[in-house]
Amino acid sequence: MIDSLSITRTLFEDFRPLAVTIFYAIGYGAIGIFLWGTWIQIRKYRYGTAYAVTGTLISRFKQMTGTMLTHRTLVRRDHAAGGAHALIFFGFALLFLGTSTITVEYDILKPLTGMRFWYGDFYLWFSLVLDVAGFMLGGGLVFMMWRRGWLKPPKLNYARPDRSPADPDYDRSGYRIEDWAFLWSLLIIAVTGFVLEGMRLVWLQGRPEVWDYRWWSPIGSAFAVAMRDLGLGAETAGTIRSGLWWFHGLIALAFIALIPFTKVKHIFTASASLMLRDPLAAQRLPRVPDSQESVGFSYITDLNWKQLLHLDACTKCGRCHEACPANATGAPLSPRDVILSLREFANKTLASGALPDQVELDIHGKSPGQVSMETLWSCRTCMACVEICPVAVEHIPIIVQMRRKLVEAGDMDPLLTKTLQTIAKTGNSFGESKRKRGSWTKALATPIKDARKEPVDYLWFVGDYASFDPRNQKVSQTFAGLLQEANVDFGLLYDSEQNAGNDVRRVGEEGLYDLLATANIEAMKNAQFKTIVTTDPHSFNTIRNEYGDFGGTFEIEHYTTLLRDLLTSGRLEVTRPLGYRVTFHDPCHLGRFNKGYDAPRDILKMIGCELIDMKRCRDNSFCCGAGGGRIWMPDPVGVEKPAQNRIREAAFIEGLEVYVVSCPKDLTMFEDATKTTGNEGRFVVRELIELVREAVASPVVLEAPVEQLA
Amino acid sequence: MATKILVAVKQVIALDEDFEIRADGKDVDADFFLRDLNEWDDFSLEEAVKIKEAGGEVEVVVVTVGPEEADESLRKCLAKGADRAVRIWDESMEGSDSQAIARVLAAAIKHEKPDLVFAGVQSSDHSFASTGIAVAGLLGWPHAAVVNQFDFSLGATQATIRRELEGGVLQMMNIDLPAVLSIQLGINTPRYASLRTIKQAAAKPIETLGLGDLSLNAAEVGEVGSASRVRRMYIPEKGRAQMIEGSLAEQAAKLAAIIKEFKGATV
């Protein structure tokens with residue numbers, strides 16, 4: 001009978017005391033370098049401006065841990081890479097925990113109390129688990145190498161759309177060396193670990209407490225058996241083991257020491273980034289405090305510490321690069337490159353204990369690390385990047401803050417300048433008279449109530465496009481008719497309504513946004529209503545998420561939920577199921593921004609349409625290109641526009657009859673794109689409202705009001 | 001000694017498509033006024049601010065003749081980089097024509113003693129295109145109109161300018177300083193004044209001057225001091241235009257009917 005206490009691994013077996021001392025010295029040195037490097041990173045973040053974390057750290061920690069353990073954000077749109085990451089992550093985590101367990105016994109419990117637990121059954125199970133962990137780690141790493149070396153997904157190509165091949169920072173080849181060094185060093189650590197295990201078994205094959213239990217380390221023993229059969233003797237194995245032991249140990253320690261200086265630090269920065277995640281980062285942009293002298297970001301030190309940390313969290317996974325509509329249509333913008341540029345800039349300028357001259361801190365421009373005006377103005381603020389980022393990097397607030405600085409300096413497209421001036425003057429982007437805001441209602445048989453003069457249930461915030469654009473006016477009239485038929489009590493603000501400001505804010509003209517939001521809030525407060533309804537997702541977003549910061553907290557819904565309710569409750573009745581084969585375009589501000597994915601789809605089902613979703617749907621919906629104020633800026637000529645790219649995607653759907661939208665800007669963008677891509681006549685673009693109108697052909701006769709019965 | 005550039009600006013009236021003429025028939029009903037800085041003045045102010053930003057000691061002073069509402073336009077000028085703003089007004093100035101306004105501005109220029117005076121070529125509402133030139137006449141200063149390029153170094157006694165003439169011809173000339181120049185659109189790209197800077201400019205003081213401050217008397221301004229008076233303002237009868245809709249055949253039939261109607265034939 002073998003004493004269970006002897007079933008263990010003797011640490012430093014056959015080591016001279018000096019060797020052990022040297023090993024500990026190197027170990028402490030590695031930890032020292034790690035701590036020093038960590039301090040350098042923390043010092044860098046401390047150069048950022050203040051940021052107050054909301055909510056409790058515990059709830060944030062729980063949410064981060066949940067995300068990490070489920071790998072929820074990592075498997076999205078790339079199951080293979082997410083799965084391989086999970087293998088590496090859990091393999092690494094288990095091996096780390098295993099090593100820590102040994103440390104707890106050997107360096108703490110045993111010297112202090114004489115207690116031991118790392119033997120017998122526990123030791124055997126421990127060996128098995130760690131062998132599996134090592135296998136997972138190695139397997140994940142090999143897959144990642146195959147992916148990088150052979151699959152070469154385009155999103156891992158670091159070539160930048162905002163630089164030309166002649167620029168020194170065009171393809172960031174330095175990162176590729178780091179990527180491979182990371183994979184190889186981890187793989188070498190894992191493989192040498194197994195070899196070491198095998199060598200120890202061969203070396204100690206004479207001891208039954210080792211050899212008889214070898215299969216608890218299946219990979220190590222398979223290797224050991226093979227080597228023994230090939231004629232490896234115990235003594236030779238012992239010698240190899242001594243050499244390899246140092247090799248394995250030194251690489252592992254070097255790896256630890258280098259964590260803060262390499263991409264490995266994402267272990268910490270990505271976790272912290274996930275913990276600091278703002279779920280409304282793109283939906284609710286930061287307000288400029290009244291006391292603040294300058295506006296927007298000019299210098300790297302204008303970023304807050306959380307944003308500096310976000311820069312370091314990026315793992316260059318390329319998901320945002322792939323999702324970005326600007327990048328997809330050849331604009332000089334990749335959200336990934338904005339983040340990486342600023343990271344490189346921060347690493348260059350904030351690495352030491354003292355700040356360089358302020359000129360050196362300017363992040364605007366075309367030098368390495370700087371972000372150019374053309375890049376910033378290419379952004380549609382569609383939120384595709386923020387939404388898909390697995391480590392919660394928030395690109396949009398940074399881009400808009402940088403735009404605020406550009407607006408302040410007047411560095412923008414002349415057409416945009418003109419539009420902003422027009423909005424400031426007339427309260428709408430069409431340059432129409434304020435008085436004409438309600439003109440579209442004149443075509444209605446029944447006038448719409450003036451919510452400023454009488455109380456209503458629903459205040460309809462119409463928005464610029466639905467008020468002034470002739471095509472969208474028709475949709476507004478149709479929607480009004482539907483509401484009237486369903487006996488919904490609703491009214492308008494008429495000429496007291498102004499542009500809601502959503503896009504003005506995303507352009508970066510915060511002063512004008514403040515003015516518009518304040519004026520609208522005042523007008524809303526002077527009206528009596530229960531809920532706001534709007535057909536415009538952009539207005540919907542800013543009223544829902546941003547007006548609160550300006551003193552206006554209102555209940556608001558997008559028309560899709562209201563129409564769904566009216567259809568469900570029978571106040572609108574489908575008399576003519578349409579039977580069309582349709583696809584639905586999720587508007588950024590309804591879908592990604594406010595998670596309104598289902599109501600429009602439910603309506604389509606209720607009115608009898610056959611919905612075939614495009615590949616890029618719901619959270620992966622592809623922006624029409626109009627967001628972030630881009631609708632007021634000309635797109636480059638001769639290059640595919642995002643809306644065209646999208647229509648071409650829809651055109652792949654066999655037998656498509658209707659491309660359904662639920663946003664006024666989408667109607668404009670996609671009707672245009674259908675013509676310019678030559679798809680006119682193949683299918684039509686329709687507002688969901690228009691389809692509902694068609695399906696609810698004859699008005700439902702409801703009970704007559706009481707006074708009429710009398 | 002700082003170089004002082006005085007920029008004469010005007011708050012103009014813009015109109016919507018729908019508006020009404022005042023009961024006395026001499027102007028548009030003030031209810032329909034949309035006020036804004038004259039487009040040309042954006043360019044003349046930008047030219048002055050550019051000189052200031054090029055370096056050296058330069059002071060840019062914007063001056064307008066108008067009631068309190070004009071402060072809004074002056075604030076926009078301050079937001080865009082003017083150092084000081086002066087508004088001159090007296091009830092008696094109501095109804096002034098370009099000559100009377102020029103008289104007030106000339107008095108202000110004597111008061112301010114600038115080295116250069118910029119004005120817009122014209123105002124978008126009244127389009128007299130004479131105020132700037134009349135100021136030069138009253139001061140006895142050299143002047144140049146429709147300037148679309150301006151080269152000048154601080155302290156120089158002359159400037160080189162380029163003017164737009166008829167038929168696309170350009171004229172380069174030297175002009176002795178001090179001088180009055182009326183600036184044409186397109187000479188530069190006016191900057192955008194963000195709402196924030198306009199709001200911040202609200203804190204800057206606007207000097208207000210009256211008749212007495214400029215040693216003027218009521219007889220020199222307003223309708224009495226003007227060489228012209230408005231008799232009537234009206235909207236001329238518009239010609240008719242009609243979109244013919246329907247199928248091709250219907251359109252053709254309608255068109256034929258209209259032609260016949262004009263010919264006086266019976267259908």
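Guide: The side chain of Arg163(B) reaches the backbone oxygen of Ala145(B) at 2.8 Å, a polar contact, that is, a pair of N or O atoms within 3.5 Å; within protein, one must be able to donate a hydrogen and the other to accept it, and residues adjacent in sequence count only if both atoms are side-chain atoms. The model is predicted, and local features need pLDDT of at least 70, side-chain atom pairs count only at pLDDT 80 or more, and totals for chains, interfaces and linings use all residues. Residues are numbered from 1 along each chain as its sequence is written, chains are lettered from A and ligands numbered from 1 in the order in which they are written, and side-chain values use heavy atoms, with hydrogens and water left out.

Arg163(B) belongs to strand β8 (residues 158-164) of chain B; helices (H or I, at least four residues) and strands (E, at least two) are DSSP runs, numbered from the N terminus. Arg163(B) is buried, the term standing for under 20% relative accessible area, with exposed over 50% and partly exposed in between (1.4 Å probe, protein chains only). Despite this burial, Arg163(B) has no salt bridge, a link defined as a side-chain nitrogen of Lys or Arg within 4 Å of a carboxyl oxygen of Asp or Glu. The nearest side chain of opposite charge is that of Glu164(B), 9.5 Å away; Lys and Arg count as positive and Asp and Glu as negative, while His and the chain ends are not counted. Leaving aside neighbours within four places in sequence, the residues in contact with Arg163(B) include Ala144(B), Ala145(B), Val146(B), Val147(B) and Asn148(B), and also Val169(B), Leu170(B), Gln171(B) and Met173(B), where contact means heavy atoms within 4.5 Å.

β7(B) and β8(B) pair in the antiparallel sense over four bridges; two strands pair if DSSP finds at least two bridges between them. Phe150(B) stands opposite Ile161(B) in β8(B). The two strands, β7(B) and β8(B), form a hairpin with six residues between them, and Gly155(B) in the turn has a positive phi of about 90°. Strand β7 (residues 143-151) of chain B also pairs with strand β10 (residues 180-183) of chain B, in the parallel sense and over three bridges, with His143(B) opposite Val180(B) in β10(B).

Although Arg163(B) lacks a salt bridge, the structure holds 66 of them over all chains. One joins Asp619(A) to Arg76(A), whose closest N and O atoms are 3.1 Å apart. Asp619(A) lies in the loop between β7 and α26 (642-650) of chain A and Arg76(A) in the loop between α3 (72-75) and α4 (79-113) of chain A, so the pair ties together parts that are 543 residues apart in sequence. Asp619(A) is partly exposed at 25% relative accessibility, and Arg76(A) is partly exposed at 21%. Arg336(A) and Asp337(A) form another salt bridge, at 3.3 Å between the closest N and O atoms, and both are buried. In chain B, Asp24(B) meets Arg22(B) in a salt bridge (3.2 Å, N to O). Asp24(B) is partly exposed at 46%, as is Arg22(B) at 35%. Salt bridges that share partners also join Arg404(A), Arg505(A), Arg506(A), Glu510(A) and Glu546(A) into one network.

Chain A has an open sheet of five strands in the order β1-β3-β2-β4-β5, with parallel pairing. Its edge strands, β1 (449-450) and β5 (556-558) of chain A, each pair on one side only. Within the sheet, β2(A) and β4(A) pair over three bridges, and Trp460(A) stands opposite Val533(A) in β4(A). Three bridges likewise join β4(A) to β5(A), where Val533(A) stands opposite Glu557(A). In a regular strand the side chains alternate between the two faces of the sheet. Both faces of β4(A) are covered: Thr531(A) and Val533(A) on one side, and Ile532(A) and Thr534(A) on the other, are all buried.

A further open sheet of chain A has four strands in the order β7-β6-β8-β9, paired in parallel. β7 (610-611) and β9 (684-687) of chain A are its edge strands. Strand β8 (residues 658-661) of chain A pairs with β9(A) over four bridges, and Val661(A) stands opposite Glu687(A) in β9(A). Helix α27 (residues 664-676) of chain A packs on this sheet, touching β8 and β9 of chain A, and its direction makes about 170° with that of β9(A); axes are lines fitted to C-alpha atoms, for helices over the stretch in contact, and angles run from 0 to 180 degrees between N-to-C directions.
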